[in-house]
Amino acid sequence: METSRARRPARPPTPQTQRAAATPNAPASRLAWLQRTAGNSAVTAVIQRDGDAAPGRLDQAASDLYGWLVANAVNTERVLHTILLQKDPSDQGKLRRAYDEKFTRSLVADLERLGGNDTIRAQAYLQHGTLRDADKIYIAIHGALTDETTVVRVVASIGGQCAKAEEDFRTTYGPKGYPTDYVLPNGESSRIGGALMAEMLSATFATRFRTAAVLAYGKTRPADDVKIATVAGFNDQALLFTALQSQDPKTLSSEFAASYKEPLVDYLTRETSLHTKKRALMLLQEPNDQRLIRTLEIATDGYTTADADFIFDAVAHADAAQLAAFKKAVENKDPRLRNMDATFGGMSKEERSRFDALVGVGANGGILGDPVVVKLRGLGGTNGDAIFDVLRNSSGVDYLAFKAAHDADTGPLHQYMDPMLTAPQKGWLRSYVFTDLRSRLQFVMTNPGHDEYILFLLASFTTANDRRQLATDASFGANLANLSTATKNKILLQLEPSSLTPQERAVWLDAAVKRETATGVGSVTAAGAALEDENRELQAAKERATAGGKQPTAEEQAEIDRLASRTATALTMFVQYRDQLEAAVSTAVDIAVGLLLTVGSGGAAAPELVLAAIARAAVASAMAKVVSRKLVLGDRFDVVGADGAAAFVTGAVDGALNVVGPALGKNLLPASVHEMAEASARSAGPKSFTQFAATTGAKMTENAATSGISSAVETLSQDKTWADGFDQGMRAAIVSAATGAATGAAVGALPGSAAAMVAMAGSLEQFEEIIAQFPEAAFTLEKVTLTPPLPDASVQQIPVQRVGDPKFSNKEIGDEFERYVDERLWKDGLGGQVPKMNFVISGEHNIAGNGIDRIGVVMHADGTMTVYHFEMKFRSEPAGGAANPSTKLGEPARGTQLGHDWTQGALTDLVNASSSHPPAMAVFDATRAMLAKAKSAASGKPFDIESVTHANVREFLAASLNAKRVVVVPLHVDTRQLLRQIVDLIKSNLDVSLATVNVTKAELAARRAKRAGK
């Protein structure tokens, strides 16, 4: 992820700065010194003048610089702007000489007063008149953290033609801590590459390889994309298969081997698994016309559903030869296609319909054969929701075809889709999809929840003339004013006129940059500062070109155009980065300031206690949501306007459902509950919010202490407007939630608190009556925690997942199975199913044995390592002809075992237990030894465990969150249920596979007895 950086401290004093420091520094002394050396006019100019010196006014510029650097408090932006205004390619040293001669001191030395990156900027402006690409890269990487957004942007601008930037970087910054080159994929040595690889340690391997490839070639080649797609802890299948199908296999393999020093087939064999491996190798090794057939065979050769992503990717890349071969295979009933419609491994009905429409086989007669219906099915429109989404998001010629068929009111399209669409969906198609642009915009701008769709409409359906008219349209402007500030800013970016002169575009970009970087978390990032760098040079160029009212020359127009394009690119990338950052920070801020009402201890399952605090929870959450959004977005969030009201309503719904959800079971809350909750919140929210915004909200968002929220919650939750609106609506929502949960499954299967509430009431009807009459109850406010504490180990239930010999407990046999697998991992990699491990350690973090069963590490010759997480599941072999026992991954509160959240929790618990739990302490020591050995092998230095700290171990464990996952089971186990879970994990971008071992309960018992001496 791209990250912001702390500003670097000022550099140590140099002889020049020490000499400058000898000059009196107090403001009064500085002014007196200036008066003695330059006269009263200089003092007057420094104190009174507001504007910066015009281009060519060197004497005035020198006095200004002295004023902002020495005589007064440092004003960084005025200094940088002044230097840029005096840019003169014919003699870039004139300003420096004028300053040095006038004040008998060094301007270069005085610029050190700016400190950190600002000194680098100013000195680059002074010497070169611009920030060179080498300067931008150095600023982006040399501080505490790396600004990856700027690195990616600058590398893309110089990639493939970076000789000048390489020489500049080598000469200027090589002596400042970057003496090492990096060999790029094209074989060339790069000092910029060496610096990037040294500084981008927190970046993903994929980002680092992508950066090197772009630096070498200007863009990534298919060979580079294969590496990028497979170098992380999981495979980027979309990127991998696009690369493998975009170039001749021989050329692709040759280029990969030349750049990455390994045969491509060998590399993919090691770095991919399961169906991904089969298809990847097939694309390299088998004839082109067989690709679609073989992909279908591979994608449907499983125990769950077909790999639909593989299938539709193959169809998208299929050429005429592949389609012809496939149709012939269908006619000949080729056995490789036998599983297309199979119960296990086959396509679903919707997937098959889409496939038939795309390929031209199967059921394509009648209305299904209509060209518009075929197009709709081919885009995924095979059920009601999918049909609506395809039509809603269509554009270009597809939209025109769909609209014409829809407006006909009858015909094949309506015959196909009407039975599958709901009444609201049919209404929406008429109200904001298949109507004129102004009506579409009017609907989505006045009905909440369509922010991204507004941008889609403006991007896909407006011409330059449309955008000009919208910019002056009163109705559009009124609707725009009622949207959130952040959305409003995005729309203004979208409405950029296309017929601006270079000077007008510079003015437009200046306003846009200032809007987007004014406040909020993005404004304090290095990416924001880099955007300001680009805009600063653009604005200075415009001022130089139009100074004194003159018309810009052709050369000056071209420079403004070039700088405007750079600024526009930087703005686009910054907005994307800023939105991602704000989403991440927003979650953290929600947790930091979010308040959740918890029930008093008057009775663990009493429904009146559980439900009485809902209104207060809603109010607290609503207030917290407003505060958190303001903290994150800054001036791009209007507390007392539409932004605040929307956040207030959203927070109210979240607060209420967060109280009820744990009782009813998160997954049992039907969508209708959320809809009812939102409707009731909207009915009361705006009026209640007005009170909050005028009092508590304004104070809290001005950094007042949040301790006053408790009394504000009490006051507002008792407000009649709130109670009559929100309470009544939420009461119906909660009843619906309880009813839906209880009727969707047996009451006994509900979470404990929900089952107890229903059981206590006696029936759902009586439960509803209790809710309608529930009394007031005590409540408290407390902070939300990221990771709730685990139950005491003594009461944790060890999952029933292993069956043992009567002589030994289930857990003993299970432990023996783990030891058996452990030995096989060291010895032969489970018979070649995984690489032979160089290190295997336990991930146990508590007395109950919870955690990752084993963490394995494979060391590679180049010093890198691949980490594996192993989960072992044992079941005894069946007796007397019984069916094979099934097994599956556990599904505790943190999610499925080996899933992202479960793994993150297990690693966190392991780290936290390393100071108290002996097994966890042993894991830490073993990991330290492993890392020390790896470090010794890579450096050639003697083994030294003290060279590896506990912090290094924590970093290693945190990084292993993206490890390859392997579930190991006995050969006799029925794995169908387990495979379904593995497929779900793979779909969440995790690299998970299954391995089997041929071992029985008797063999494990014998091993256990031998070790125990029995």
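**Helix contacts and buried residues**

Trainee: Is the crossing in which H22 passes H23 left-handed or right-handed?
Mentor: This is a predicted model, in which local features need pLDDT of at least 70, side-chain atom pairs count only at pLDDT 80 or more, and totals for chains, interfaces and linings use all residues. A crossing is left-handed if the near helix is turned anticlockwise from the far one by less than a right angle, and right-handed if clockwise. By that rule, the crossing of H22 past H23 is left-handed.

Trainee: At what angle do the axes of H22 and H23 cross?
Mentor: Residues are numbered from 1 along each chain as its sequence is written, and side-chain values use heavy atoms, without hydrogens and water. H22 spans residues 349-359 and H23 residues 371-378.

Trainee: Which residues of H23 make the contact with H22?
Mentor: H22 supplies Ser353, Arg354, Asp356, Ala357 and Leu358 (contact: heavy atoms within 4.5 Å). By class, the contact of H22 with H23 has three nonpolar, two polar and three charged residues. From H23 come Val374, Arg377 and Gly378.

Trainee: How many strands are in the protein chain?
Mentor: Of the 1014 residues in the protein chain, 49% are buried (under 20% relative accessible area; exposed is over 50%). Helices are DSSP runs (H or I) of at least four residues, and strands (E) of at least two. The chain has 50 helices, and its strands number nine.

Trainee: Which residues are exposed on the face of H48 turned away from its buried side?
Mentor: H48 covers residues 950-959, and its buried residues are Val953, Phe956 and Leu957. These cover an arc of only 95 degrees around the axis, so they sit on the same side of H48. The face turned away carries Glu955, Ala958 and Ala959.

Trainee: How far apart in space are Thr146 and Leu196, C-alpha to C-alpha?
Mentor: Thr146 lies in the loop between helix H9 (133-141) and helix H10 (148-158). Thr146 is buried, with a relative accessible area of 3%. In sequence, Thr146 and Leu196 are 50 residues apart; in space, C-alpha to C-alpha, the separation is 9.1 Å.

Trainee: With which residues is Arg544 in contact, leaving aside neighbours within four places in sequence?
Mentor: Arg544 belongs to helix H34 (residues 526-546). Its relative accessibility is 13%, so Arg544 counts as buried. Beyond those neighbours, the contacts of Arg544 are Pro55, Leu84, Leu85, Lys87, Lys550, Glu556 and Glu559.

Note on methods:
Axes are lines fitted to C-alpha atoms, for helices over the stretch in contact, and angles run from 0 to 180 degrees between N-to-C directions. Ala, Val, Leu, Ile, Met, Phe, Trp, Tyr, Cys and Pro count as nonpolar, Asp, Glu, Lys and Arg as charged, and the others, Gly among them, as polar. Buried means under 20% relative accessible area, exposed over 50%, partly exposed in between (1.4 Å probe, protein chains only). The arc is that of the directions from the helix axis to the C-beta atoms.
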